[in-house]
Amino acid sequence: MNTLIHIGFGNIVNKDKIVAVLSPDSAPIKRMVQHAREDGSIVDATQGRKTKSVILMENNKLVLSALLPDTIAGRADKESVE
């Protein structure tokens with residue numbers, strides 16, 4: 001069964017497809033985001049706000065979120081308990 005996680009501003013991702021939730025502050029992650037923008041394999045779910053987390057999906061797409069990685073991880077843990 002697919003478990004969906006709210007990642008902010010009405011945007012939802014499938015928990016089963018998440019590989020990692022990363023902080024966008026390091027240079028390697030910034031390069032990864034830039035390459036994804038160039039390739040068109042990025043989904044910007046920030047609604048114009050500052051990117052606080054980068055979600056790496058199974059299909060190598062990146063999802064940008066305005067929520068902190070800890071918040072998204074906490075929501076993922078909460079969903080698995082219920």
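**Ser65 and its surroundings**

Colleague: Which residue has its backbone nitrogen 3.1 Å from a polar atom of the side chain of Ser65?

Modeller: This is a predicted model, in which local features need pLDDT of at least 70, side-chain atom pairs count only at pLDDT 80 or more, and totals for chains, interfaces and linings use all residues. Residues are numbered from 1 along each chain as its sequence is written, and side-chain values use heavy atoms, leaving out hydrogens and water. The pair from Ser65 to the backbone nitrogen sits at 3.1 Å, and the residue is Leu67.

Colleague: In which element does Ser65 lie?

Modeller: Helices (H or I, at least four residues) and strands (E, at least two) are DSSP runs, numbered from the N terminus. Residues 62–65 form the run that holds Ser65, and that run is strand 6.

Colleague: Is Ser65 buried or exposed?

Modeller: Buried means under 20% relative accessible area, exposed over 50%, and partly exposed in between (1.4 Å probe, protein chains only). Ser65 has 0% relative accessibility, so Ser65 counts as buried.

Colleague: Which residues does Ser65 touch, not counting those up to four places away in sequence?

Modeller: Contact means heavy atoms within 4.5 Å. On that basis, the residues touched by Ser65 are Ile7, Thr46, Lys50, Thr51, Lys52, Ser53, Ile55 and Ile72.

Colleague: Thr46 is on that list. With which side chain does the side chain of Thr46 make a polar contact?

Modeller: Thr46 lies in the loop between strand 4 (42–44) and strand 5 (53–57). At 2% relative accessibility, Thr46 is buried. A polar contact is a pair of N or O atoms within 3.5 Å; within protein, one must be able to donate a hydrogen and the other to accept it, and residues adjacent in sequence count only if both atoms are side-chain atoms. At 2.5 Å, the partner of Thr46 is the side chain of Asp44.

Colleague: Ser53 touches Ser65 as well. Which backbone oxygen does the side chain of Ser53 reach at 2.9 Å?

Modeller: Ser53 lies in strand 5 and is buried, at 0% relative accessibility. Leaving aside neighbours within four places in sequence, Ser53 is in contact with residues including Val21, Leu22, Pro24 and Leu67. The oxygen reached by its side chain belongs to Leu67.

Colleague: How far apart in space are Ser65 and Pro24, C-alpha to C-alpha?

Modeller: Ser53 is in contact with both Ser65 and Pro24. Along the sequence, Ser65 and Pro24 are 41 residues apart, and their C-alpha separation is 9.9 Å.

Colleague: Is Gly10 buried or exposed?

Modeller: Gly10 sits in the loop between strand 1 (4–8) and strand 2 (11–14). Its C-alpha is 17 Å from that of Ile42, 32 residues apart along the chain. The relative accessible area of Gly10 is 59%, so Gly10 is exposed.

Colleague: In what order do the elements run from the N terminus?

Modeller: The protein has two helices and six strands. From the N terminus on, their order is β-β-β-α-β-β-β-α.

Colleague: What is the radius of gyration of the protein?

Modeller: The C-alpha trace spans about 40 × 25 × 20 Å along its principal axes. The radius is taken over C-alpha atoms, and the globule rule is 2.2 Å times the number of residues to the power 0.38. For 82 residues, a compact globule would come out near 12 Å, which agrees with the protein's value of 12 Å.
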